[in-house]
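Here is a briefing on one protein model. Please keep the sequence and the 3D view at hand while reading.

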Amino acid sequence: MSPLLVKARPGATIVEVTPESAGWTHVGFAAHRLAAGEQLNLDTGSRELCIVVLTGTVTVQAGEQSWEAIGGRASVFEDRSPYAVYVPLDTKVSITAVDAAEVALCSAPATTHRPARLIEPAAMTRSVRGKGANTRYVCDILPQTAEADGLLVVEVLTPSGHSSSYPPHKHDSDNVPLESSLEETYYHRLNPEQGFAYQRVYTDDRSIDEAMAVENHDVVMVPRGYHPVTVPYGYDGYYLNVMAGPKRVWHFKNDPAHEWLMNTK
């Protein structure tokens, strides 16, 4: 199995990636299942946190602030944006499930004490990228225009038979504005759930060249290199991206071998 693939597991913690387990510096990610009435407690410590309510409804307490019964999606494949909560460093957090829920915890190092805040679906930007079989549907949950120290969070729906993160692009060089250096995780979901997708992670010199079949709830780690995704016919793909690096900007470089695809109809 590829060292870049983190397989989902049964139980409350579906998957978890820490800087230590990934062998990098910035991005942390975890996805949790919560039964109705179940509570998840944590302390952000030296990191900022973006809680994304993937499915179900939860109440979030962050320090002295709380938001009751947020969420409501039955599936990440619904045509609606999620609710999310931004939480700064040094904050105690509790997440209580109103009904069965799945939440994502996206984190990165932080130094700024700013207020926790609710990120409502109406505040998120939705867009369509690509054309033809490269069309995908994007929701910016925590973009670089929103306040945070390091985190960037986005979700993408890829229709059956389509590709995304394509043409292959990378963001592993600190060369702003041409390219920024960002670690990244992909949290994959498939519909129907028994489906699979393919993701390749490779560098120009092929020091990394991994092709992975990813199943429902798996995570792919992208420390550097290009990272396209393809979803086979009959299944729709979803992924939640978490990015962070030394500078909180997203500038990418396409693989020159495939740059010509930008000019196709």
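Is Ala-69 buried, exposed or partly exposed? Ala-69 counts as partly exposed, because its relative accessibility is 47%. For the class, 47% falls between the cut-offs of 20% and 50%. Keep in mind that this is a predicted model.

- Ala-69 sits in strand S6, which covers residues 65-73. Its phi is near 50 degrees, a positive value in a residue other than glycine.
- His-217 also is not a glycine, and its phi is positive, about 80 degrees. This histidine is found in the loop between strand S20 (209-215) and S21. With 10% relative accessibility, His-217 counts as buried.
- The peptide bond from Val-176 to Pro-177 is cis, and its omega is near 10 degrees. Pro-177 belongs to the loop between S16 and S17.
- Asn-191 and Pro-192 are joined by a cis peptide bond, with omega about -5 degrees. Pro-192 lies in the loop between strand S18 (183-191) and strand S19 (196-202).

**Nonpolar cores**

- The largest nonpolar core contains 33 residues. Those with the most contacts inside it are Phe-29, Cys-50, Val-52, Cys-106, Ile-141, Tyr-187 and Leu-240.
- Several strands each supply at least two residues of this core, including S2 (13-17), S3 (28-34), S5 (47-62), S9 (101-109) and S12 (136-142). S23 (236-244) is also one of these strands, and S23 gives the most to the core, with 4 residues.
- As a general point, nonpolar side chains tend to be buried together in soluble globular proteins.

**Cysteines**

- How many disulfides does a search of the whole structure find? The search finds 0.
- The cut-off for a disulfide is a sulfur pair within 2.5 Å.
- Cys-50 counts as buried, because its relative accessibility is 0%.
- Cys-139 is in no disulfide either; its nearest cysteine sulfur is that of Cys-50, 11 Å away. Cys-139 is buried, with a relative accessible area of 3%.
- Which residues surround Cys-50, leaving aside its neighbours within four places in sequence? Its contacts are Ala-84, Val-85, Ala-104, Leu-105, Cys-106, Ile-141, Leu-142, Leu-151 and Val-153.

**Strand S23 and its partners**

- S23 has 9 residues, and 8 of the 9 are buried, so S23 is largely enclosed by the rest of the structure.
- Strand S13 (residues 152-158) runs antiparallel to S23, and 7 bridges join the two. The bridge partner of Leu-152 in S23 is Met-243.
- S18 pairs with S23 in the antiparallel sense as well, over 9 bridges. In S23, Asp-236 stands opposite Asn-191. Asn-191 is also part of the cis peptide bond with Pro-192.

**Open sheet and hairpin**

- An open sheet of 4 strands runs in the order S14-S22-S19-S20, with antiparallel pairing.
- S14 and S20 are at the edges, each with a single partner strand, so one side of each is left without a neighbour in the sheet.
- S19 and S20 pair over 7 bridges in the antiparallel sense. One of the pairs is Ala-197 with Val-214 in S20.
- Strand S16 (residues 172-175) and strand S17 (residues 179-181) run antiparallel and are joined by 2 bridges. They form a hairpin with 3 residues between them. Asp-172 has Ser-181 as its bridge partner in S17.

**Ser-163**

- Ser-163 is in strand S14 (residues 163-164).
- Ser-163 is buried, because its relative accessible area is 13%.
- Which side chain makes a polar contact with that of Ser-163? The partner is the side chain of Thr-230, at 3.3 Å.
- Leaving aside neighbours within four places in sequence, Ser-163 is in contact with Ala-133, Asn-134, Arg-136, Thr-158, Val-229 and Thr-230.

Key:
Residues numbered from 1 in each chain as written. Predicted model: local features only at pLDDT ≥ 70, side-chain atom pairs only at ≥ 80, totals over all residues. Heavy atoms only, no water. Core = buried A, V, L, I, M, F, W, Y, C linked by side-chain atoms within 4.5 Å. Buried < 20%, exposed > 50% of the residue type's maximum accessible area, 1.4 Å probe, protein only. Contact = heavy atoms within 4.5 Å. Pairing = 2+ DSSP bridges. Polar contact = N/O pair within 3.5 Å; in protein donor to acceptor, adjacent residues only side chain to side chain.
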